[in-house]
Amino acid sequence: MLKSILACCKVYISESRNRTALESIERAAKLFPLAPIINKFEDVTYNRVGYTLVSELDPVPSTEPCHLTNAVLAMVKAAFDTIDFQLHAGTHPRLGVVDHICFHPLADASLDQAARTARCLAKDMGSSLQVPTFLYGAAHEEGRTLDSIRRMFGYFKPNSSENQWIGELKLDSLSLKPDGGPSHVAPAKGVVVIGATNWVDNYNVPLLSSDISAVRRIAKQVSGRGGGLPSVQAMALAHGEDVIEVACNLLDPNKVDGERVQHEVERLAKEEGISVGKGYYTDFSHEEIVKRYLKLFEERI
């Protein structure tokens, strides 16, 4: 019988147009069948892909790598081998080839278990792949937030015209000491941020407009930081011709879900005279991910 101590890992990679690279990354993951990919979300405009992997965790604390960290480490290595950050361009901000990795406890797992797994990965990745790694959330001893790290690196400011992010990080030196890996940045790799939190949903709402300033005002009013919906982080990102998305992180989706965000964006957009499309989640729900994982292993028996 399957154990119920499960964790999920979301891996966000700065690439969705290079099929050879994505195939290599996915082949690497398949070498670890006990940590399968449950969902893949690609966005060609953002030039970004997100993978969701799930695996059992050892109930006994251990510093040894587990199936989940082994699979993710192999994917990251494949990404570094096939993607050059200096050549990347897209309308979504990023800090490296592998922009962001987050662990979430599922079923009967605890946040502490997810945090230990994140710290183990950051240490192994930093030393074996020689990339600076930065911890956040429960994985960091002071609970540092993801957005605080991103702001330190200027993550939210496009470095090119037309609201795009192009090429490597323009850093002479790191403003933060890495939690793992070297203190210098390889331009072809960038840096990796790794954390552990309770479940987070990503919900994006398309607005039919090319007025980035107006949509930024809406995003700011939606976000908790701007006095809007609590536990919501939002930013305005160009998403093709005459479409700008309000891209949201829902840090506590049990309290503020996508439907509430949708209604608030629609209300604010009406004041700006902007039409709004139907929003979408970029991943399955917490419950659906567990269900699909368990079904996958039932089919293998």
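The model is predicted, so local features need pLDDT of at least 70, side-chain atom pairs count only at pLDDT 80 or more, and totals for chains, interfaces and linings use all residues. Residues are numbered from 1 along each chain as its sequence is written, and side-chain values use heavy atoms, with hydrogens and water left out.

Along the principal axes, the C-alpha trace spans about 55 × 45 × 40 Å. Buried residues make up 53% of the 301 (buried is under 20% relative accessible area, exposed over 50%, partly exposed in between, with a 1.4 Å probe and protein chains only). Of the contacts with a separation of 6 or more, 74% come from residues 24 or more positions apart (a contact means heavy atoms within 4.5 Å).

Now for helix α1. Its 12 residues, 19–30, reach 16 Å from first C-alpha to last, close to the 16 Å expected at 1.5 Å a residue (the expected span is 1.5 Å times one less than the number of residues). Ala21, Leu22, Ser24, Ile25, Glu26, Ala28 and Ala29 are buried in α1, and the helix's buried residues pack against β1 (5–13), β2 (37–43), β3 (48–56) and α2 (67–82).

Turning to the rings, there are 5 aromatic pairs (Phe, Tyr and Trp rings, the six-membered one for Trp, with centres within 6.5 Å; planes under 30 degrees apart are stacked, over 60 edge-to-face, the rest tilted). Phe134 and Phe153 have ring centres 5.4 Å apart and planes at 70 degrees, so they pair edge-to-face. Phe134 belongs to strand β6 (133–137), while Phe153 sits 19 residues away in the loop between α4 (146–152) and β7 (165–166). Both Phe134 and Phe153 are buried. Tyr155 and Phe156 are also edge-to-face, because their centres lie 5.1 Å apart with planes at 85 degrees. Tyr155 is buried at 1% relative accessibility, whereas Phe156 is partly exposed at 30%.

Note on methods: Helix = DSSP H or I, 4+ residues; strand = E, 2+ residues; numbered from the N terminus.
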